[in-house]
Amino acid sequence: MRPVLSHFRQLHSLGPANNDQVSALRVAISVAVPSLLLLLGGRPDLITYAVFGALTGMYGRNEPHQLRLRHQLQAALVLLSGVAVGVFLSVNHLHSWWLVGVEAILAGVGSVYSDRVRLKPNGPFFGILALGACASVPTAVPWYVALLIAAASAGFSLFVGFGGWIRGRAWDPGATRNAVRLQGRFRQRAVVHAARYTAAVGAAGAVGVLTGSGHPHWAMAAAAVPLAGADLPSSVHRGIHRIIGTLLGLVIVAVVLLPGPWALLPHFPGAEAAVLAVLVIVFQFTTELFMARHYGLAMVSFTPVILLMTQLAAPADPYVLITERGVETAVGAVTGILVVVFIRSRRSPPPAPSASSAGLQ
């Protein structure tokens, strides 16, 4: 009984604060500047590419400046690769099973890469999320313009992340951020982890396609969430947080998008796109504020970010949008949990950090 109560308490416990406001502000600025520039330029439909580039700022949140820069460059490679592949699929009208197959394979490849360079947040989640989102909306500009927007946004995030050094010129000459050598047991674990990602993402996407969902990439992204857990209990917790947090976030989306006396957008006639863009920025700030402390609370904010961006890029029936988001998230999260349960690896200790990087895990 005690283990059950312990797991239940962990589901709603809030982790300790760790300079979260500063990290959240960095990410919000990284998202806000390119998004507002696109809004002023009359192209709110392109904000999706800017936001995925700006998510570079989520990585290396508490590392010394030179390590954060390296970490964010590694993360930018994952995010921009996801955007590039997604835009390629969109431009060539490769959807449905093409999207499932390509995203499942790249989830496995991204898993090996993220394990090797020790990305934090763990895994290739944001890369495959960018891939699916960009593949699922029409590319309204030449492909290279979409990539340039994402790359410029990522570059601005790097500048924001390094801005503290420009102000204080603080530098830790002994700090290092070494990649893990995937040999022996670590190699075996990386291969099993990659197989989990491929199986979970592929299975969730297949369910989405077979059931006729218009957004199977949401199920694929949700399936990747439990795989970032350090063990089975944490994987289950992340899956549950994903489902509950998404459902609560959908209530916020309903208030914004659905017609009714509670509706927000009718109060801003002619400025709907501006309102949605500002809300994306605000909710990205609150997402990062809780990302390291409580994944479920972070998802309450991140759900509106994704759906409002989708509505800006390719407006759809909000009832369908909200329903499919809820269903696909549940399908994906459950699929990810099942894959963690059935595809196991022999436990081995994590790589020992060097003396100079011991405090950076």
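Predicted model: local features only at pLDDT ≥ 70, side-chain atom pairs only at ≥ 80, totals over all residues.
**Notebook: an all-helix chain and its salt bridges**

I started with the surface: the accessible area of the chain comes to about 16100 Å², and 69% of that belongs to carbon and sulfur atoms.

Next I looked up the elements. I found 13 helices and zero strands. Of the 361 residues, 52% count as buried. I also checked the contacts with a separation of 6 or more, and 81% of them come from residues 24 or more positions apart.

Then I picked S153, which sits in helix α7 (residues 143-168). Is S153 buried or exposed? It's buried, with a relative accessible area of 2%; the cut-off for buried is under 20%. Leaving out residues up to four places away in sequence, S153 touches S30, P34, A50, G53 and A54.

On to salt bridges. How many does a search of the whole structure find? I got three.

The side chains of R61 and D20 form one of them, at 2.7 Å from N to O. R61 is in the loop between α3 (47-54) and α4 (65-91) and D20 is in helix α2 (residues 20-40), so this pair ties together parts 41 residues apart in sequence. D20 is buried at 3% relative accessible area, and R61 is buried at 14%.

R61 also pairs with E288, at 3.1 Å from N to O. That links distant parts of the chain, since E288 is in helix α11 (residues 272-291), 227 residues apart from R61. Both E288 and R61 are buried. Shared partners join D20, R61 and E288 into one network.

Last, I noted D45 with R43, at 2.9 Å from N to O. R43 is partly exposed, with a relative accessible area of 29%.

Definitions and conventions: Residues numbered from 1 in each chain as written. Heavy atoms only, no water. Helix = DSSP H or I, 4+ residues; strand = E, 2+ residues; numbered from the N terminus. Buried < 20%, exposed > 50% of the residue type's maximum accessible area, 1.4 Å probe, protein only. Contact = heavy atoms within 4.5 Å. Areas by Shrake-Rupley, 256 points an atom, 1.4 Å probe, with all protein chains shown as cover. Salt bridge = Lys/Arg side-chain N within 4 Å of Asp/Glu carboxyl O.
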